[in-house]
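These are my notebook entries on one protein structure. I record what I looked up, entry by entry.

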Amino acid sequence: MTDTSTRALTPLRLGTRRSKLAMAQSGHVAEAVRELTGRPVELVEITTYGDTSREHLAQIGGTGVFVSALRDALLAGDIDFAVHSLKDLPTAQPESLTVAAIPVREDPRDALIARDGLTFEELTADEDRVARIGTGSPRRMAQLNAWARALGRRVETVPIRGNIDTRIGFVEKGELDAVVLAAAGLTRIGRIDEATQLLSPDVVLPAPGQGALAIECAAVNVDLVAQLAGLDDPYTRAAVTAERSLLAALEAGCSAPVGALADLSPSSRVRSSREGPKADEQTVTELHLRGVVGTTDGSTLVHLSTTGHVPASPDDVTTPLKLGRELAAEMLAKGAAGLMGERAL
């Protein structure tokens with residue numbers, strides 16, 4: 001048997017966290033990689049520090065706690081590639097590793113799961129009851145509290161940890177009135193129908209990169225990097241690059257109260273290959289980036305936006321990087337630095 005034939009039969013080892021959500025999204029990627037490469041793919045379950053620590057993310061720093069063990073396994077050669085939730089990745093990319101692909105993004109919005117099928121507005125309408133809403137994210141706390149203030153109401157945001165089942169269980173048991181989770185995660189495990197409201201980015205901006213996955217492997221594995229690039233979506237990459245550039249320029253970690261979302265122009269809601277849009281699709285020309293930083297009590301928010309051009313080619317990262325840096329500079333000039341509880345210097 002030739003070396004090529006042997007390599008084709010050797011399974012690729014995909015490193016993944018053990019949670020139900022991580023296994024689900026890694027399973028989807030594994031199937032796509034099998035179709036792309038013709039090679040079998042096996043999941044290698046890895047426990048990260050973020051999975052074992054019971055402290056709140058803001059206390060343990062947040063940045064990298066869910067990815068360090070996976071990256072160590074990559075560098076040790078124990079796995080061939082890893083799948084991360086992009087919002088968990090630190091903004092500084094090690095030279096020894098490369099994000100070979102960022103597939104088409106799932107819905108980036110946050111989702112409310114509330115008692116009795118209520119929306120946020122309905123939860124806050126009862127003047128005799130302060131709604132208790134669970135979330136482990138200072139970003140969500142800041143915006144939910146600000147939203148309640150805008151409605152002339154208030155909510156109590158309660159720090160929580162745990163997997164999706166655990167968090168939804170707080171509502172089912174009556175311990176909380178609602179929880180807020182990423183819509184993408186609910187979709188990937190088939191529970192999006194339980195959301196009582198999808199939160200508009202006009203009131204709650206998601207975490208930078210939310211809804212997107214990162215497929216990472218060792219930079220020296222150039223053949224695999226080239227193969228995995230076939231799963232990359234250039235529009236998603238441009239959008240999340242702008243969002244993460246904003247986060248990096250603010251020098252904030254992934255548990256800081258920072259939200260960001262880059263929207264493509266209306267004609268951009270298309271799916272594209274690295275070769276560009278299909279002939280019958282309209283050309284995307286604009287990238288609209290919104291960012292927010294706020295105090296967790298919602299008393300102060302810095303919320304700004306800017307618009308730039310979509311990169312001319314999938315390899316052009318300069319344009320979205322510049323867009324994120326420029327918006328961050330404007331936000332810092334408006335006092336954003338003083339509102340962040342975490343500074344990742």
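**Entry 1. Strand 10**

I began with strand 10, where 6 of the 6 residues are buried, so the strand is largely enclosed by the rest of the structure. I note here that the model is a predicted one. I then looked up the partners of strand 10. Strand 3 and strand 10 run antiparallel and are joined by 5 bridges. Strand 4 also pairs with strand 10 in the antiparallel sense, over 4 bridges. Strand 10 itself covers residues 213-218.

I next listed individual residue pairs. Cysteine 217 of strand 10 has phenylalanine 81 opposite it. Threonine 98 likewise stands opposite cysteine 217. Glutamate 216 in strand 10 is the bridge partner of valine 99.

In which order do the strands of the open sheet lie? I found 5 strands in the order 2-1-3-10-4, and their pairing is mixed. Strand 2 and strand 4 stand at the edges with a single partner strand each, so one side of each has no neighbour in the sheet. On average, neighbouring strands of this sheet are turned by 35° against each other, direction ignored. As a reminder to myself, strands of a sheet pair through backbone hydrogen bonds, and the pairing is either parallel or antiparallel.

I also looked for a helix that lies against these strands. Helix 5, residues 68-76, lies across strand 1, strand 3, strand 4 and strand 10. Its direction is at about 165° to strand 3.

I turned to strand 2, residues 41-45, which contains glutamate 42. Is glutamate 42 buried, exposed or partly exposed? Its relative accessible area is 37%, so I recorded glutamate 42 as partly exposed, since that class lies between the 20% and 50% cut-offs.

I then examined what surrounds this residue. Not counting residues up to four places away in sequence, glutamate 42 touches Pro11, Leu12, Arg13 and Leu14. Glutamate 42 and leucine 12 are 30 residues apart along the chain, while their C-alpha atoms are separated by 6.2 Å.

**Entry 2. Two aspartates in loops**

Aspartate 107 is in the loop between strand 4 and strand 5. Its side chain makes a polar contact of 2.8 Å with the side chain of arginine 109. With residues up to four places away in sequence set aside, aspartate 107 touches Ala183, Ala184, Leu198 and Gly211.

Aspartate 116 is found in the loop between strand 5 and helix 6. I noted its backbone angle: phi is positive, about 60°, although the residue is not a glycine. Aspartate 116 has 67% relative accessibility and therefore counts as exposed.

**Entry 3. Helix 7**

Helix 7 covers residues 138-150. I checked its length. At 1.5 Å a residue, its 13 residues should span 18 Å, and the end C-alpha atoms are 18 Å apart, which agrees.

How many residues of helix 7 are buried? I found 11 of the 13, so the helix is largely enclosed by the rest of the structure. The buried residues include Met141, Leu144 and Trp147. Arg139 and Arg140 are also among them.

I then looked at both ends of the helix. Serine 137 caps the N-terminal end of helix 7, with a side-chain oxygen 3.2 Å from the backbone nitrogen of arginine 139. After helix 7 comes glycine 152, whose phi is positive, near 75°.

**Entry 4. Asparagine 145**

Within helix 7 I selected asparagine 145. At 10% relative accessibility it counts as buried, because the cut-off for buried is under 20%. What does the side chain of asparagine 145 reach? It reaches the backbone oxygen of threonine 296 at 2.7 Å. Apart from neighbours within four places in sequence, asparagine 145 is in contact with Val155, Thr157, Thr296, Asp297 and Gly298.

**Entry 5. The whole protein**

Finally, I recorded values for the whole protein. It has 12 helices and 13 strands. Of its 345 residues, 53% are buried. Among contacts between residues at least 6 apart in sequence, 74% join residues at least 24 apart. The accessible surface comes to about 15,400 Å², and 49% of it belongs to carbon and sulfur atoms.

Notes:
Residues numbered from 1 in each chain as written. Predicted model: local features only at pLDDT ≥ 70, side-chain atom pairs only at ≥ 80, totals over all residues. Heavy atoms only, no water. Buried < 20%, exposed > 50% of the residue type's maximum accessible area, 1.4 Å probe, protein only. Contact = heavy atoms within 4.5 Å. Pairing = 2+ DSSP bridges. Axes fitted to C-alpha atoms, helices over the stretch in contact; angles between N-to-C directions. Polar contact = N/O pair within 3.5 Å; in protein donor to acceptor, adjacent residues only side chain to side chain. Expected span 1.5 Å × (residues − 1). Areas by Shrake-Rupley, 256 points an atom, 1.4 Å probe, with all protein chains shown as cover.
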